[in-house]
Amino acid sequence: MHAIVAGNWKMHETARDGGQLAHDIRALLDDAWLRNVTVVVAPPFTALGAVGNALAGSGVALGAQNMHWEDAGAFTGEIAPPMLVELGVHYVILGHSERRRYFGESDDDVRRKVHAALEHGLRPIIAVGETEAQRDAGETDACVTRQTRAALDGVERDRLESIAIAYEPVWAIGTGRNCELQEADRVMSLIKGSTSGLEDVPVLYGGSANPSNFAAYLALQSCRGGLIGGASLDAQTFATMVRLGAEARA
Ligand code: PGA
């Protein structure tokens, strides 16, 4: 089964700069790698068009970082699933901890978004993970189990194959403090066991993943790839991580 290496650009890159970055990434990817790895690039909404153009025909999939659950309506500032579909988006990151933390996204919001994505043929990459305080309080397992179950509540079993889950410990995101391997493996296995039918769903690791530590995560039984933030903003670094993903599955 393919590895998945997804770049989450967060609020970085204008349309012009993002188009250039996508062009540079494309130039560094070897077609042979793409036989073993699914590559997703998730720029800000405003760069989706330019990045989509730069990646057209490359085999690299376009992703969004968020969306609303309604098809249209009076929701100032929001973006609807059909708007993403029209731009050629195939993946959407949902429930990222920055959405939960800074924009008040609840488990129920994430659940609605997951359902909407599936309705529109978008593949959700659902992010779950505990904060540092939750970890210190011994609440990691309860947190990721609750977030996973809530996000998938009501999702029919035959639709789970469109989903990926990213385990991103909040304290590891953008901090350079990546999660210990054994703990990551334990929690990712717990996620797979938290809901029936999830056994074959890809679980990705995210949180200060970089070219030096990524191969070790990919070697874990529970890990099928990565959701990469900071390290996805440099073409060479990201391409190296895609290669590692391909090698892990070769
Ligand atoms: P990071 O971010 O790789 O910069 O830690 C990962 C993410 O938030 O998806």
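This report describes the strands, pockets and selected residues of one predicted model.

## Basis of the description

The model is predicted, so local features need pLDDT of at least 70 and side-chain atom pairs count only at pLDDT 80 or more, while totals for chains, interfaces and linings use all residues. Residues are numbered from 1 along each chain as its sequence is written, and side-chain values use heavy atoms, with hydrogens and water left out.

## Strand E1 and its neighbours

Helices (H or I, at least four residues) and strands (E, at least two) are DSSP runs numbered from the N terminus. Strand E1 covers residues 3-8, and six of its six residues are buried; buried means under 20% relative accessible area, exposed over 50%, and partly exposed in between, with a 1.4 Å probe and protein chains only. Both faces of E1 are covered, with Ala-3, Val-5 and Gly-7 on one side and Ile-4, Ala-6 and Asn-8 on the other.

Strands are said to pair if DSSP finds at least two bridges between them. E1 runs parallel to strand E2 (residues 37-42), to which six bridges join it, and Val-5 has Val-39 of E2 as its bridge partner. E1 also pairs in the parallel sense with strand E8 (residues 225-228), over four bridges; here Val-5 stands opposite Gly-226. Together with helix H1 (residues 15-28), E1 and E2 form a right-handed β-α-β unit. A crossover is right-handed if, with the strands pointing away from the viewer, the path from the first strand over the helix to the second runs clockwise.

## Strand E5 and its neighbours

Strand E5 spans residues 123-128 and is mostly covered, with five of its six residues buried. Four bridges link E5 in the parallel sense to strand E4 (residues 89-94), where Tyr-91 is the bridge partner of Arg-123. E5 also runs parallel to E6, again with four bridges, and in this pairing Ile-125 stands opposite Ala-164.

Lys-10 lies in the loop between E1 and H1, and its phi is near 55 degrees, a positive value in a residue other than glycine. Glu-13 is found in the loop between E1 and H1 and has a positive phi of about 85 degrees, although it is not a glycine. Glu-13 is partly exposed, with a relative accessible area of 26%.

Grid points are joined across faces, edges and corners, and a volume is the space filled by probe spheres set on the points. The largest pocket has a volume of about 440 Å³. Its lining has 15 residues, of which Lys-10, Met-11, Gln-65, Arg-99 and Phe-103 are the closest to its centre. Helix H4 (residues 97-102) gives the most to this lining, with three residues. By class, the lining has seven nonpolar, five polar and three charged residues; Ala, Val, Leu, Ile, Met, Phe, Trp, Tyr, Cys and Pro count as nonpolar, Asp, Glu, Lys and Arg as charged, and the others, Gly among them, as polar.

The second largest pocket holds about 300 Å³ of space. It is lined by 22 residues, with Glu-161, Ile-163, Asp-200, Val-201 and Pro-202 nearest its centre. E1 and E5 each supply at least two residues of this lining, and the largest share, three residues, comes from E5. The lining divides into eleven nonpolar, four polar and seven charged residues.

## An aromatic pair

Rings of Phe, Tyr and Trp (its six-membered ring) pair if their centres lie within 6.5 Å; planes under 30 degrees apart count as stacked, over 60 as edge-to-face and the rest as tilted. The count comes to one aromatic pair. The rings of Tyr-205 and Tyr-217 have centres 4.0 Å apart and planes at 5 degrees, so the pair is stacked. Because Tyr-205 lies in strand E7 (residues 203-206) and Tyr-217 in helix H9 (residues 214-218), the pair ties together parts that are twelve residues apart in sequence. Both Tyr-205 and Tyr-217 are buried.

Notes. 1 Å grid on protein atoms, 1.4 Å probe; cavity = no way out; pocket = protein on both sides within 12 Å on 5 of 7 lines; lining within 4 Å.
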